[in-house]
Amino acid sequence: MHTKDFTIIIPCVLFQDVKDCIKKIRKIYKKIKIIVCLNESNFISKKDKNLKFVVTKYKGIGKKRNIAINYCKTKYIAFLDSDAYPKKGWIESTYKILKNKTISIVSGPHISPSNQNKEEKLIGKVKLSYVITMNAHLQKKTSEKGKFVSFMPSCNWILSKKIFNKLNQMDEKMLRNEDWDFVYNRMRKKKYKLFYSPKTVIYHENKTLADFVLKRFKYGFYMWPILLKFNIFNLYFFTPFFFSIFLLSFPLVLFNEFYLYFYFTILLIYFLTIIVETIRLSTNLNEFIKIPFYMIPASLVPGFGIFLG
């Protein structure tokens, strides 16, 4: 097995979104094949025989990955987001694991880069909270041992092209959450497994608070296609939705004393959870003061996104 057996696939909107990602990949993997599927058609890129751009009108991440797969000629594929880049040894860490026929996907942590400004560091801290990130100890840390897991996001997936095609690729109608659907509505039915490798690391960049909150809102806004596919595992996503409806029910406290106490008891539990997580994540007073202002909107907007979607 060699890096020549792999193609990195990156979906994005504009060339500017993926420009830095490609540069950072090339610092580690000089000749690995890269396919970028994007919407922009007018851009200038350096000549690279192992770099291909595929322009499409489609916006869905899953659709773009499916399109890119059709141009892929290698045995293995590696999914990467345009705002992420690999750590040295990313591809190589999967060689032995992929030889295990019971494993269909190898995934690993997507951690924050070390060279960040203060705002980016705070967002990185907030992403370590279980209020924000599912299985944060797996997604945002490298201290766990390798093991089979139920889900990891597709920003860091390495797998066989044959298996991906055998499972009919990703649902092209979904603009978001295509990876959750792929794992729970396709892989599990065929008894394929996902393996977590702590050495298969990528760096996922953090930007501004506004960008972070907007992404969280979109995460919820495009949730309905997955919620409408009945699956017991999808119940997880109803939590922020029901909480947003609960918050909007505030006028009811004016008409029922019992609901008044119930409403503020739930709010108290929520804010206590935020405080506990803030204490756990803070390393100084400045972080303790600022983290709640990042965590609260980031935890609430997915639910309102689902509500408005």
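Which helix holds R186? R186 sits in helix α7, residues 178-187. The model is predicted: local features need pLDDT of at least 70, side-chain atom pairs count only at pLDDT 80 or more, and totals for chains, interfaces and linings use all residues. Residues are numbered from 1 along each chain as its sequence is written, and side-chain values use heavy atoms, with hydrogens and water left out. Helices (H or I, at least four residues) and strands (E, at least two) are DSSP runs, numbered from the N terminus.

**R186 and its surroundings**

- R186 counts as buried at 19% relative accessibility. Buried means under 20% relative accessible area, exposed means over 50%, and partly exposed lies in between (1.4 Å probe, protein chains only).
- The R186 side chain reaches the backbone oxygen of L167 at 3.2 Å. A polar contact is a pair of N or O atoms within 3.5 Å; within protein, one must be able to donate a hydrogen and the other to accept it, and residues adjacent in sequence count only if both atoms are side-chain atoms.
- Neighbours within four places in sequence aside, R186 is in contact with L167, N168, Q169, M170, D171 and D181. Contact means heavy atoms within 4.5 Å.
- A network of salt bridges links R186 with D171, D181 and K229. A salt bridge is a side-chain nitrogen of Lys or Arg within 4 Å of a carboxyl oxygen of Asp or Glu.

**Helix α4**

- Helix α4 spans residues 118-126, and its buried residues are E120, L122, I123, G124, K125 and V126.
- The cover over these buried residues includes α8 (209-221), α11 (257-281) and α12 (285-308).
- At the start of α4, a side-chain oxygen of N117 comes to within 3.1 Å of the backbone nitrogen of E119.
- K125 belongs to α4. Its relative accessible area is 18%, so K125 is buried.
- Apart from neighbours within four places in sequence, K125 is in contact with L281, T283, E287 and I291.
- The side chain of K125 makes a polar contact with the side chain of E287 at 3.5 Å.

**Salt bridges**

- The count of salt bridges is twelve.
- E287 and K125 form one of them, at 3.5 Å from N to O. This pair links distant parts of the chain: E287 lies in helix α12 and K125 in helix α4, 162 residues apart.
- Both E287 and K125 are buried.
- D48 forms a salt bridge with R26, with the closest N and O atoms 2.7 Å apart. The pair links distant parts of the chain, 22 residues apart: D48 is in the loop between β2 (33-38) and β3 (51-55), and R26 is in helix α1 (residues 15-28).
- D48 is partly exposed, with a relative accessible area of 24%. R26 counts as buried, at 13% relative accessibility.
- E144 forms a salt bridge with K147, and the closest N and O atoms are 3.4 Å apart.
- E144 has a relative accessible area of 26%, so E144 is partly exposed. K147 also counts as partly exposed, at 32% relative accessibility.

**An open sheet**

- Three strands form an open sheet with mixed pairing, in the order β5-β11-β7. Two strands pair if DSSP finds at least two bridges between them.
- The edge strands are β5 (84-86) and β7 (110-111), each of which pairs on one side only.
- β7 and strand β11 (residues 202-204) run parallel, and two bridges join them.
- I111 stands opposite Y203 in β11.

**Cysteines**

- A disulfide is a covalent bond between the sulfur atoms of two cysteines. The cut-off here is a pair of cysteine sulfur atoms within 2.5 Å.
- The count of disulfides is zero.
- C12 is in no disulfide: the nearest cysteine sulfur, that of C37, is 8.2 Å away. C12 counts as buried, at 5% relative accessibility.
- C155 counts as buried, at 5% relative accessibility.
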